[in-house]
Amino acid sequence: MEILVCVRRVPDTSENEIELNPAGNDIERDELVYSINESDNYAVEEALQIVSRVGGKVTVVTVGGDDDEEILRREMAMGASHGVLISDDAFSGSDGRGIATILKAFAQKGQYDLILTGVQADDGAAQVGGMLAAMLDYPFASLVNSIEVLEGRKLKISREIEGGNKEMNEIDLPCVLSIQTGINEPRYVGMRGIRQIASVPIPTFSASDLGVDPAAVGQAATKVKRVDYFVPAVGRGAEMLHGSREEIVDKVLELVAAKGGLK
Amino acid sequence: MPRIFAYIVHKDGVVDDSATELAFAARKIDPSASPVAILTGWGAGLDAACDTLRSSFTEAWKVASEPLVYPNAELVRKALVKVLPPGSILLVSHDHFGIDLAPGLSIKMNSAFVSDVLDITGVEGPQLNVVRQEFGGQVSAHVRCDISSGAVVTIRPGAFKAPAGASAGGSVVDKSSDVGVLSAKRRYLETLVPEVGDVDITKHNVLVSIGRGIQEEDNVALAQELADELGAAVSCSRPVVDAKWMEKSRQVGSSGKTVKPKVYLACGISGAFQHLAGIKGNPFIVAINKNPKAPIFQVADIGIVDDLLEFLPQLTNRVREMRCVAAK
């Protein structure tokens with residue numbers, strides 16, 4: 001099975017305190033730790049596990065710039081056969097629809113049976129996979145947390161729905177799936193593995209390579225534009241406890257006891 | 001101003017709580033709007049759901065077709081493309097169904113898409129102004145959406161609390177004949193309910209709940225020791241289940257359990273809205289997190305910025321001491 005996994009490099013929100021820049025038009029990025037988007041990493045692992053069961057190859061693709069090569073190399077060190085960077089000044093500032101348009105053009109240059117994305121990235125929009133599927137006229141399923149390959153170019157998948165329930169579906173190939181975290185246990189990638197991949201050239205595709213009309217993507221084509229970032233005025237907010245740890249512990253227990261939280 | 005529609009989720013004849021939230025969101029886009037509810041389905045359940053909506057919408061469009069008996073997003077999308085007038089604004093709840101339906105629908109409608117909207121600040125000409133969150137809820141963004149060719153907008157559950165209002169006295173319009181034959185390349189099979197775990201976190205008054213901040217599987221014991229002293233249970237947020245450190249049955253959130261404790265100790269939990277959606281009954285929330293920007297501090301009663309792995313054992317010891325003193 002030929003599998004394409006669309007990935008993105010994002011600031012790791014679990015490791016970073018996000019601050020706004022003075023102009024409020026972006027976050028302060030200088031000190032941020034970046035990594036592959038968490039659910040994208042699960043998607044790559046899932047692709048690798050499928051290929052190890054039924055054969056085939058995994059290609060990892062991202063739309064971005066030179067800095068984004070590091071995550072392609074990381075996923076290649078996990079076992080992906082190919083890493084591809086799609087990069088062009090014309091792509092800068094694309095919204096979700098723009099990114100899906102670019103990925104569609106790339107997907108159509110190959111013969112992919114299955115296209116995976118992570119369920120959502122740092123903007124929390126959860127949009128590119130569903131848009132890409134609609135553009136390709138492929139079936140789509142979101143929040144996928146298990147995949148079984150069936151006979152006759154079909155998959156049996158489960159989706160994570162409310163209350164921990166699983167919605168079981170059969171879906172025809174080719175299709176697009178957005179992968180939920182927890183679907184598998186992504187393998188560890190050591191520095192040694194990444195070093196071995198360090199000198200492998202990463203092919204780069206531009207707008208003209210893909211036949212993408214620059215007017216259909218990028219900042220000018222967006223239907224959805226972010227005006228600014230802001231930190232919302234906190235309504236009630238927590239009463240922050242200060243002092244020594246001993247004092248804080250006593251205060252917490254006093255309050256918890258008052259709420260009926262101590263036996 | 002384009003017409004505003006709200007796609008209403010229902011099950012067994014009961015309309016989802018999001019229906020009134022979508023009606024309220026529609027009025028925030030246009031206070032003079034009479035938003036139209038759209039429901040898809042089949043049989044008596046659909047009729048009952050349509051009937052219920054008369055109280056919150058002036059008009060409900062019923063789309064009945066046997067393949068729509070289960071809300072398969074691909075079939076619902078095909079039905080909506082046929083029924084919705086071009087250029088409409090469609091509101092959908094940002095839940096597992098909305099995530100499945102909405103992005104692809106926006107492509108097929110050739111309209112703008114903006115998701116997980118927390119607030120709507122108004123319309124200026126062809127622009128709809130909304131508020132979203134990014135970076136795990138650490139910052140918000142003002143976003144401008146071009147609605148000149150319509151829009152699909154998903155609304156964060158719980159973000160639009162409608163004031164109780166008078167009945168809208170709506171009517172039901174049958175649009176089923178617009179839909180025609182429906183078929184899909186994805187077919188619903190069944191819904192699997194998870195096995196009940198060893199501990200039922202929904203039955204406990206006090207929960208020691210752990211998130212990504214617990215860092216390692218071995219550290220789960222620190223939370224268990226505190227829970228044992230407090231007579232509490234240990235619950236968790238999604239990353240702990242993803243890492244396979246706890247069973248799915250211990251997860252609090254929209255894709256896990258809904259809990260109603262009196263006291264909730266959120267230990268190393270960032271406070272994603274999907275997690276908060278599982279905490280009901282307005283418990284006393286104590287949040288411990290090393291990141292002072294963590295969104296959990298916006299909803300907690302008491303906040304402590306500290307290293308969990310040092311704070312938890314000290315808290316456990318102090319509970320133990322107090323109980324020894326009490327026993328004497």
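Two residues are taken to be in contact if their C-beta atoms, placed from the backbone, lie within 7 Å. The structure is a predicted model, in which local features need pLDDT of at least 70 and side-chain atom pairs count only at pLDDT 80 or more, whereas totals for chains, interfaces and linings use all residues. Residues are numbered from 1 along each chain as its sequence is written, and chains are lettered from A and ligands numbered from 1 in the order in which they are written.

Helices (H or I, at least four residues) and strands (E, at least two) are DSSP runs, numbered from the N terminus, and two strands are said to pair if DSSP finds at least two bridges between them. On this basis, ten strands make up an open sheet with mixed pairing, in the order β11(A)-β5(A)-β4(A)-β1(A)-β6(A)-β10(A)-β7(A)-β8(A)-β9(A)-β13(B). Its edge strands, each of which pairs on one side only, are β11 (204–205) of chain A and β13 (186–192) of chain B. The pairing of β11(A) with strand β5 (residues 82–86) of chain A is parallel and extends over two bridges, with I86(A) standing opposite F205(A) in β11(A). Helix α1 (residues 38–54) of chain A packs on the sheet, where it touches β1 (2–6), β4 (57–63), β6 (114–118), β7 and β10 (175–179) of chain A, and its direction makes about 150° with that of β6(A). Helix α2 (residues 69–78) of chain A lies across β4 and β5 of chain A and runs at about 165° to β5(A); for such angles, axes are lines fitted to C-alpha atoms, for helices over the stretch in contact, and angles run from 0 to 180 degrees between N-to-C directions.

A residue is classed as buried if 20 or more other C-beta atoms lie within 10 Å of its own, as exposed if 12 or fewer do, and as partly exposed in between, the C-beta atoms being placed from the backbone. Nine of the nine residues of α4(A) are buried, so this helix is largely enclosed by the rest of the structure. The elements that cover its buried residues include β1, α3, β6, β7 and β10 of chain A together with α4 (96–108) of chain B. Among the buried residues of α4(A) are M131(A), L132(A) and M135(A), and the helix is followed by D137(A), whose phi is positive, near 60°.

A nonpolar core is a set of buried Ala, Val, Leu, Ile, Met, Phe, Trp, Tyr and Cys residues joined through C-beta atoms within 7 Å. In the largest such core, of 66 residues, V5(A), V44(A), I102(A), L103(A) and L132(A) touch the most other members. Another core, of 60 residues, lies apart from it and has A6(B), F24(B), F57(B) and V114(B) among its members.

In chain B, the secondary structure comes to nine helices and 18 strands, and the C-alpha atoms fill a box of roughly 75 × 45 × 40 Å along the principal axes. Of its 328 residues, 54% count as buried, and residues 24 or more positions apart account for 65% of the contacts with a separation of 6 or more. Ten of the twelve residues of α1(B) are buried, so the helix is largely enclosed by the rest of the structure; its buried residues, which include F24(B) and I29(B), pack against β1 (4–7), β3 (14–15), β6 (89–93), β8 (119–124), β9 (127–134) and β11 (151–155) of chain B.

The contact between the chains takes 70 residues from chain A and 73 residues from chain B. On the side of chain A that touches chain B, the largest share, eight residues, comes from α7(A). By class, this side of chain A has 34 nonpolar, 15 polar and 21 charged residues, where Ala, Val, Leu, Ile, Met, Phe, Trp, Tyr, Cys and Pro count as nonpolar, Asp, Glu, Lys and Arg as charged, and the others, Gly among them, as polar. Strand β12(A) pairs in the antiparallel sense with strand β10 (residues 139–146) of chain B over six bridges; in β10(B), V224(A) has C145(B) as its bridge partner, and K225(A) stands opposite R144(B). These strands belong to an open sheet of four strands with antiparallel pairing, in the order β12(A)-β10(B)-β9(B)-β8(B).
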